Amino acid sequence: MNPEQQVIIQKAYREFLEGRKVKPRGGQKHMIADIAKSFAAIAEDDEGHRKGNNHLIAIEAGTGTGKTLAYLLATLPVAQARDKRLIISTATVALQEQLLLRDLPDLKSLTSLEFNFALAKGRGRYLCTAQLSKVAASLRSSESEDDNPTLSLFEKELMAAPGASDEDLMTRLVDDFASGRWSGDRDSLKEAVPNELWERLTTDHQRCSNRRCPHFAAACPFYNARRELDQADVIVANHDLVLADLALGGGVILPAPEQSYYVFDEAHHLPDKAISHFAATFRFNASLKWLQLLKKSQPDLLKALVASPSATSQLNQLVNPVNDLVRDLGMLYAQLRDKINFQEGYNRSAPVHRWPQGQLPEGVREFAGQLLIHFSSLCRNLESLVNQLRDAQDPDKNTSLDADIASEWQPLLALLHARALAAHQLWSLCAEPDPEGRPPHARWLTLHRQAEGEEDLELSASPVTAAGDLAYRLWSRCFGSTLTSATLTALGKFDRLKHRSGLADSTLCKSYPSPFDYPRLGVLEVPKQACDPSQQQAHTEAILDYVETELNHPQAAALVLFSSRRQMNEVYDGLPSQLKRITLTQDQLSKNRLIEKHRTQVDASKPSIIFGLASLAEGIDLPGKYLTHVVIVRLPFSTPDDPVDATLAEWIESTGGNPFMQITVPDASIRLVQACGRLIRKEDDEGKVTLLDRRILTKRYGSQLLNSLPPFKRQLS
């Protein structure tokens with residue numbers, strides 16, 4: 001790498017260690033060197049575009065490695081030297097806050113590195129000043145609905161207009177923003193705003209008129225935040241925002257991938273989050289409602305936009321696709337409702353029908369092809385209308401439409417365009433055949449029973465792996481990227497990460513163990529009470545026996561992790577009263593309140609036991625005295641009963657594979673490592689991990705799971 005950059009990194013590392021008064025860590029030094037060398041080796045042409053495909057690196061770094069400092073020091077000087085932006089993406093708010101409140105400020109204050117950083121959030125987290133102006137006007141005038149009854153009807157049906165009981169809250173928000181007491185950032189509000197009200201105050205990519213908006217220059221909270229991003233060398237985001245930007249084409253919310261270095265921290269979450277971003281859903285009756293409303297309101301729309309021959313022409317061209325959609329959707333709904341047998345499945349409140357391997361019946365696929373054509377036509381016409389209304393608000397463009405009328409109707413038509421695009425995506429996933437030799441899309445139907453006996457059908461389609469989308473939308477475009485986490489390998493290999501994330505087999509992968517002395521600090525035990533969880537009653541009684549005999553003491557600071565809410569509550573109900581008094585369950589309190597109350601009890605030198613579910617197996621930090629015992633009641637195997645996992649399992653089986661060994665066991669390995677990782681958070685922590693599932697000793701996969709765990713001292717009875 002460039003000797004100058006090497007000197008900058010080494011100097012900053014010395015400065016940071018001296019400033020924090022800490023010693024260098026072996027894994028951290030190796031991680032800095034590996035990332036810096038990898039990124040510095042990326043070749044670029046005269047225009048700054050990447051050449052070659054050696055631009056990705058995956059690093060598993062155990063707890064205590066100091067990976068945050070490592071990737072910041074290794075990447076920032078290289079990115080600055082090449083005039084690229086550094087985007088750090090996390091999966092949790094907690095890590096974002098750590099970066100923004102501690103790691104980045106410390107790096108800036110303790111070293112000679114000069115850089116700016118900012119937090120990136122989606123448009124939906126910010127107030128839309130244009131929307132606020134409309135709310136303020138409606139609050140001032142009780143007759144506003146009478147001015148435009150058609151628009152008011154749309155707002156009630158589609159845009160979540162506030163009721164009279166919400167007017168006090170809306171008035172306070174209007175006043176606080178006007179006076180400067182509130183910046184327009186939802187996350188800075190002191191009082192919660194219900195989602196249905198917030199939808200009335202914010203906007204999205206489709207509805208925003210951007211530079212044509214009169215509030216754009218100074219008063220738009222989103223674009224004020226965007227201007228800060230434009231000056232930032234380091235941008236902190238989350239996986240959802242990065243994926244949303246990629247779904248829009250990239251470079252819309254965040255800097256363009258081609259001009260960015262990415263670091264994906266907590267990268268083991270990226271594949272699953274990507275799957276949900278590239279999925280699509282469609283509700284029949286809800287869609288028919290807005291389509292019929294559009295059809296009914298066409299005369300009023302024509303009257304409002306009569307000054308523009310082009311706009312009226314586009315409105316007239318909406319008639320046929322809307323009529324065709326209403327007819328075909330009604331026919332398909334009736335056919336599906338009559339012929340489909342729904343089963344109670346993973347979603348108990350709404351029965352589901354899943355098509356095996358995602359293969360739709362021929363008749364449904366033919367309908368999907370017709371609906372795709374109709375929605376394509378509707379999307380084109382609505383997009384043209386929205387663009388004309390945006391142009392009418394641009395003072396530099398001379399159009400026949402009045403700017404005020406255009407600004408009044410543009411958000412509504414943009415919202416309809418967004419809904420049409422979402423529908424187009426779903427019907428595209430249903431109409432197009434899956435490529436041969438690759439995993440199919442999962443496709444399923446959900447029956448929603450609503451108030452007063454009404455029903456709706458929701459059709460869903462989703463990729464079962466995000467590998468192709470990530471390879472195409474992200475890895476092929478980004479200038480460079482690091483994927484890191486304490487749990488990237490499954491059963492000691494990177495295969496799971498590569499296959500699910502779309503990384504090439506040649507991707508450089510490194511693993512650095514934790515610097516903690518696990519054999520000295522902790523014990524992993526499988527006690528005599530452990531049994532096979534398939535014997536449900538015996539297993540529940542074994543958990544009760546262990547809790548009563550091993551956790552019933554004055555110094556107890558324990559986390560008991562369950563895979564089943566039912567079993568968690570059964571064990572809690574069976575506890576003697578003195579243990580119930582010191583036990584907190586995830587059913588009783590929110591996650592944050594649970595942790596807060598546990599800490600309070602421990603600080604008061606009182607015993608405290610937490611009964612929790614899978615969400616407490618990752619991302620909580622209870623160092624030292626706050627957690628000295630982790631009890632895992634059963635191996636964290638997930639049942640592939642949701643439509644996406646079930647479809648993937650079917651496909652693997654059809655190709656001669658073993659879904660249990662290829663999916664279930666590797667996934668359980670990662671969850672087990674994460675659960676064990678709650679115990680030792682700092683180099684002087686001590687404690688015990690107990691596993692009450694004897695299968696880890698009796699089944700052939702047990703040794704693989706054991707070997708993937710931290711090297712605690714073993715006590716296997």
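Student: Where is Ser 605 found?
Tutor: Ser 605 sits in the loop between H24 and S17. Keep in mind that this is a predicted model.

Student: Is Ser 605 buried or exposed?
Tutor: Ser 605 is exposed, and its relative accessible area is 65%.

Student: What about its backbone, what is phi of Ser 605 near?
Tutor: Phi of Ser 605 is near 60°, which is a positive value in a residue other than glycine.

Student: Which other residue has a positive phi, near 55°?
Tutor: Glu 266 has a phi near 55°, and this residue is likewise not a glycine. Glu 266 belongs to the loop between strand S7 (260-265) and helix H12 (270-277).

Student: And is Glu 266 buried or exposed?
Tutor: Glu 266 counts as buried, because its relative accessibility is 14% and the cut-off for buried is under 20%.

Student: Back to H24. Which strands does that helix lie across?
Tutor: Helix H24 (residues 591-603) lies across S15, S16 and S17. Relative to S17, the helix runs at about 160°.

Student: What is the strand order in that sheet?
Tutor: The order is S16-S17-S15-S18-S19-S14-S20, seven strands in an open sheet with parallel pairing.

Student: Which strands stand at the edges?
Tutor: Strand S16 (583-585) and strand S20 (713-716) do. Each has a single partner strand, so one side of each is left without a neighbour in the sheet. From one strand to the next, the twist averages 15°.

Student: How many bridges are there between S15 and S17?
Tutor: Five bridges, with strand S15 (residues 557-561) and strand S17 (residues 608-612) paired in the parallel sense. Leu 559 stands opposite Ile 610 in S17.

Student: An arginine in a loop, then. Is Arg 678 buried or exposed?
Tutor: Arg 678 is buried, because its relative accessible area is 8%, where under 20% counts as buried.

Student: What is Arg 678 in contact with?
Tutor: Leaving aside neighbours within four places in sequence, Arg 678 is in contact with Leu 559, Leu 616, Ala 617, Glu 618, Gly 619, Ile 620, Leu 627 and Val 630. The backbone oxygen of Ala 617 lies 3.2 Å from a polar atom of the Arg 678 side chain.

Student: Switching to helices: at what angle do H21 and H22 pack?
Tutor: Helix H21 (residues 536-550) and helix H22 (residues 565-574) pack at about 50°, and their axes are 10 Å apart. That angle makes H21 oblique to H22. Their crossing is right-handed.

Student: Which residues meet there?
Tutor: From H21, those involved include His 539, Ile 543 and Leu 544, while the H22 residues they meet include Arg 566, Glu 570 and Val 571.

Student: Last one. Where is Gln 314, and what is Gln 314 in contact with?
Tutor: Gln 314 is in helix H14 (residues 309-316). Apart from neighbours within four places in sequence, Gln 314 is in contact with Asn 381, Ser 384, Leu 385 and Gln 388. At 14% relative accessibility, Gln 314 counts as buried.

Terms used: Residues numbered from 1 in each chain as written. Predicted model: local features only at pLDDT ≥ 70, side-chain atom pairs only at ≥ 80, totals over all residues. Heavy atoms only, no water. Buried < 20%, exposed > 50% of the residue type's maximum accessible area, 1.4 Å probe, protein only. Contact = heavy atoms within 4.5 Å. Polar contact = N/O pair within 3.5 Å; in protein donor to acceptor, adjacent residues only side chain to side chain. Pairing = 2+ DSSP bridges. Helix = DSSP H or I, 4+ residues; strand = E, 2+ residues; numbered from the N terminus. Axes fitted to C-alpha atoms, helices over the stretch in contact; angles between N-to-C directions. Parallel < 35°, antiparallel > 145°, perpendicular 65-115°, else oblique. Left-handed = near helix turned anticlockwise from the far one by under 90°.
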